[in-house]
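Welcome! Please take a look at the sequence and structure shown here, and then follow a short tour of some charged side chains.

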Amino acid sequence: MNPLKQFNWRFTVPVDLVLIVVLVSRGSGVFFSIAVVEALMWMVRLLWISPAMLMYIIRRLVQAIPVLLAVLAIGFALIQLAPGDMFTQMELSDNIRPEQLDRFREQFRLDQPWYMQFYQYVINAVQGEFGFSRTYRAPVFAVVSQRAANTILLSLTSLAFAWVLSIPAGVFAATNQYNIKDQFVSIFAFVGLAIPNFFLAFLLLYLVSSTGNWLPLGGMTSSGFRHMTATQQFFDIARHMVIPVVVIGTSIMATLTRVMRGEMLKIMNEQYVVTARAKGQTENKVVYMHALRNAINPMITILGFQLGNVMSGAALVEIVVAWPGLGSVLLEALLSQDLYLVVGSLIYGVGLLVIGNLLADIALALVDPRVRVG
Amino acid sequence: MEYVLEVNDLATYFFMHDYIIRAVDGVDFTLAKGETLGIVGESGCGKSITSMSLMRLIPDPPGKIVDGEVNLKGTDLVKLPEEKMRGFRGNEISMIFQEPMTSLNPVYTIGFQISEVLRLHRDIEKREALSEAARLLKMVGMSDPDQRVHEYPFQLSGGLRQRAMIAIAMACEPSVMIADEPTTALDVTIQAQILRLMGELKDAKDTSIAFITHDLAVIAGFTDRVMVMYAGVAVEDAPVKEVFKNPLHPYTQGLLGSVPVLGVGKLNEDGTRRLLQAIPGTLPDARRFPRGCRFAPRCPHAMKRCWEAEPNMVEVAPGHKVRCYLHHEEVRERKMRNLGAAGRRIAKLQEHDRKKRESKRAREERKESKRDGVS
Amino acid sequence: MTDKSLLDIRKLRKTFPVKANVFSTKSIPLKAVDGVNLQIRKGETLGLVGESGCGKTTVGRCLLRLYQPDSGRIWLEADPDVVAEVEARDAEREEIEAELQSVFENGSARGQSRKIRELKQKIRTIRAVADRKAAEYDLLSMPAARMQQARKEIQMVFQDPWASLNPQMVVKDLIGEGPYTFGTHRGRTLDRWVNELLDKVGLPKNAANRYPHEFSGGQRQRIGIARALALTPKLIVCDEPVSALDVSVQAQVLNLLISLQDDFDLAYLFIAHDLSVVQYVSDRVAVMYLGKVVELADSKQLYQSPRHPYTISLLSSIPVADPDIRVEGQILEGDVPSPINPPSGCAFHPRCPHRIDPCDKILPELGRDRAGHRIACHNPPND
């Protein structure tokens with residue numbers, strides 16, 4: 001076998017580290033460096049493991065463009081349909097002369113026909129700029145990007161929470177099929193599905209506050225956050241995340257557990273599981289090494305679908321527990337009729353969804369040898 | 001003769017919600033060292049359940065081995081605790097399955113799946129196990145074994161996958177290998193390759209093989225002895241030549257008659273259309289087997305007593321056992337002949353006694369059934 | 001073409017698009033059936049055998065237009081004059097197509113766009129004329145209304161008796177659906193007809209009002225046969241009708257098919273992988289390998305003196321139910337190659353024990369040899 005054909009982790013991981021260190025030492029942000037280097041290195045790895053897959057990913061990215069364009073078009077239409085423009089309010093002001101307003105409009109190209117405006121809008125959007133937020137007196141990008149990061153943090157943690165709990169729960173239910181343990185897991189999962197998110201959030205808040213406030217009740221950080229050490233900051237945020245993560249996590253755990261249970265039951269009846277037993281393998285290894293490894297694939301697919309659920313669920317919960325995410329900023333923007341902020345945060349949400357689904361597909365391709373090698 | 005495997009009175013039932021399936025209902029057979037036994041029967045006859053029972057792989061619940069013993073070199077596998085049984089599976093007794101497409105785990109490489117069984121039963125390193133796996137793949141006739149160990153099952157054709165399964169089953173050089181319809185899913189030319197390979201390996205390693213199949217033609221050239229099963233019991237057990245040249249049980253005869261013979265053509269000598277000799281009717285419902293002989297409803301020779309009680313397995317010739325009243329008569333007559341005049345009188349008295357006993361039992365049973373009918 | 005011909009399959013081709021790999025959008029053509037010529041006479045049985053993936057099932061499905069073939073003609077009881085005329089036009093078209101191909105291959109296509117356009121136009125015209133001529137008899141160029149009528153003449157019995165009967169319908173409706181839609185039987189006559197069919201296939205009358213799940217595999221296959229018979233077709237395509245059944249039941253169903261043939265004056269296209277089953281029903285047998293017919297002969301001749309090396313090894317690898325005969329002779333090495341990328345020349349040459357020089361370059365034609373077999377082989381053994 002050609003050694004170059006065989007992918008080798010030991011070779012590529014040090015390259016990652018070196019590149020990140022170089023970037024950071026030249027003054028780039030840590031997260032930024034990691035993101036850039038990893039994106040680049042994964043391209044290289046994919047080119048190595050399977051060029052066909054790299055092509056697939058590039059094609060998927062290209063396919064995402066019309067979706068994003070359509071979203072932009074809807075956002076743009078919303079802005080255009082609303083009466084007036086960015087400077088309409090200023091017309092009432094005595095301090096600004098009409099010529100000055102015209103100059104502003106020319107500067108922002110508001111005097112041009114709508115398609116030129118849309119073109120400009122798209123160009124701006126590609127650079128992450130969605131206009132100027134009136135309420136925050138800051139570019140939408142600056143307002144939304146921090147919030148989006150908070151939402152991503154919350155959603156991913158909730159997903160991970162739900163995933164990590166529902167896999168063993170599903171396996172447990174499947175290996176104890178139809179007996180009392182299985183029923184218990186199912187009932188528990190359905191209760192999680194049945195309770196409305198905001199209600200569970202209020203319930204937890206009430207429980208915590210009536211038992212001595214052992215968890216923060218809202219927000220993302222405590223008051224002295226700026227003066228904490230990095231470790232303290234980490235645990236502070238973690239403590240704030242407990243309630244929203246439990247609320248969002250339980251709501252999708254039900255689906256994930258049912259899927260996992262069904263998939264495990266199906267796989268446990270496969271011939272290769274019998275083969276594994278016939279080899280003399282222990283029951284634990286039969287379940288976790290042979291069956292679970294195959295049952296996990298649909299769970300990854302479903303992860304992509306669930307991302308939408310999680311983010312919309314997160315929006316409501318964010319508002320209840322005052323988590324500074326996209327959901328709460330969207331609500332604020334709607335209440336204060338800050339149009340550019342509304343559209344900007346919507347587009348951000350959709351963009352995250354598209355990328356999340358793509359990542360789930362890639363993850364599936366990576367774990368399934370039939371997809372990876374074939 | 002020393003037997004590697006002795007199966008006595010094995011019975012495996014499935015306890016469903018409101019009925020019991022007597023899938024295997026008292027099966028006896030033996031397997032000598034290096035011997036190949038064909039277990040033949042149609043779907044639902046219990047041949048696969050028998051093999052799964054030998055491996056103790058019956059899903060429990062609902063299945064359970066309710067009776068009997070499986071003696072492998074002096075160890076009764078039925079009574080073995082699960083932990084100890086694991087040490088036997090894949091090591092002393094191994095198995096290959098019908099569907100090569102589904103019997104290998106799709107997410108692990110062939111090499112990994114072969115070395116898994118080696119590392120379970122042998123004390124060897126991961127790397128060593130992998131090179132051993134490559135050696136085994138070479139043994140089962142795969143080209144490029146060093147390349148193949150890194151390949152996944154979906155990259156192999158059906159025939160190659162079945163070779164990989166055989167490599168797994170032979171990895172620890174077991175004394176008994178169970179082959180459950182190993183060639184049924186394969187094309188004839190591939191089937192011929194696999195059969196040849198199994199024959200070569202058996203001769204080289206002196207493994208005893210239980211070859212389970214529905215296809216009489218497959219085992220004709222491959223096995224030493226044949227056990228024919230019908231509805232959970234063995235109906236005939238004989239050397240392979242006896243089964244094909246002198247089948248005694250009406251089911252075996254019917255089965256042989258319904259196998260299409262190659263090269264006979266469409267028409268008979270007199271120009272009429274050639275028909276296959278079919279067995280009328282269908283297999284009995286495993287929930288409600290007939291009270292007497294299970295083949296009686298389809299049997300052209302069924303007598304009154306066939307409907308009343310199940311016949312025992314009798315040895316009509318050395319090594320040729322059959323479960324049929326037709327041959328009970330024959331055996332008794334032979335015994336009587338051997339006994340001479342005095343014996344004939346004794347036999348007559350015995351016969352008289354037996355008839356009396358039977359009619360008495362029949363009366364009691366009638367009464368009982370009436371009682372059941374009332375209550 | 002003899003006047004007894006029922007169905008004449010000419011140059012049938014069918015490709016399936018297959019994805020090159022999971023990530024690609026391009027598809028590669030898989031040649032499932034590659035230029036097959038077969039003729040089925042009235043009341044005869046043509047056996048079609050081969051290993052999995054050889055295209056035998058695809059041929060059967062093309063006859064019922066369950067698959068739409070890429071090209072070729074399937075003549076149903078055609079007027080020989082029409083056939084001859086259409087064949088002439090088709091030959092003419094193929095010549096022009098070859099010319100067009102050569103234009104492309106010479107690499108001089110750039111300057112000749114006008115010529116290419118003209119040729120393409122010519123091909124279109126000739127094809128349209130030929131198709132219009134053939135519309136009355138050719139299953140593949142028939143208008144929908146005529147096709148609907150033709151469907152009555154060809155019916156199918158499927159392999160899987162469990163999957164091929166709608167579990168929601170009672171047997172009466174399963175069998176009576178065809179006659180009802182075609183209006184051949186209505187009301188009480190339909191009931192009588194269904195009862196008669198049930199009787200013919202050996203099922204009790206009370207089966208009519210029961211659901212398929214109440215029957216065993218063999219009985220279901222009988223229902224499937226009754227369904228195929230219900231329109232009194234001239235041809236039944238039997239696609240592995242007994243391979244899912246137990247041996248003893250398989251014999252019952254085979255015997256039933258044999259006796260029905262005489263009662264209903266049926267022709268069968270009997271598709272199977274099991275050569276020993278096929279001989280009981282077939283007058284003639286065609287052997288397929290990778291989308292092509294490699295040998296076609298009278299059943300008796302084919303079994304007693306097979307000529308193509310593939311047929312010979314196929315026959316010799318069938319186990320015989322006799323312990324005195326060990327399987328010997330040639331056991332073919334290797335697997336059937338992928339039909340996506342079949343070997344050049346004769347597709348069988350990589351596995352062939354009688355391979356000679358031109359086998360890997362030139363495709364052998366299906367020609368008649370002196371024993372009356374039609375074989376596609378450069379170097380038939382024992383010649």
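Keep in mind that the model is a predicted one. The side chain of Asp34(C) forms a salt bridge with that of Lys292(C), with 2.8 Å from N to O. Asp34(C) sits in strand β2 (residues 27–41) and Lys292(C) in strand β9 (residues 292–298) of chain C, so this bridge links distant parts of the chain, 258 residues apart. Lys292(C) has a relative accessible area of 24%, which makes this residue partly exposed.

## A bridge between two loops

Next come Glu77(C) and Lys42(C), whose side chains meet in a salt bridge at 3.6 Å, N to O. Because Glu77(C) lies in the loop between β4 (71–76) and α2 (80–105) of chain C, and Lys42(C) in the loop between β2 and β3 (45–49), the pair ties together parts 35 residues apart in sequence. Both ends are partly exposed: Glu77(C) has a relative accessible area of 30%, and Lys42(C) has 42%.

## A buried pair and a network

Lys56(C) and Glu240(C) form another salt bridge, with their closest N and O atoms 3.8 Å apart. Lys56(C) belongs to helix α1 (residues 56–63) of chain C, while Glu240(C) is in the loop between β6 (235–239) and α8 (247–264), 184 residues apart. Both Lys56(C) and Glu240(C) are buried.

Salt bridges with shared partners also join several residues into one network, including Arg73(C), Asp90(C), Arg93(C) and Glu97(C). Over all chains, the count comes to 47 salt bridges.

Key
Residues numbered from 1 in each chain as written. Chains lettered and ligands numbered in written order. Predicted model: local features only at pLDDT ≥ 70, side-chain atom pairs only at ≥ 80, totals over all residues. Heavy atoms only, no water. Salt bridge = Lys/Arg side-chain N within 4 Å of Asp/Glu carboxyl O. Helix = DSSP H or I, 4+ residues; strand = E, 2+ residues; numbered from the N terminus. Buried < 20%, exposed > 50% of the residue type's maximum accessible area, 1.4 Å probe, protein only.
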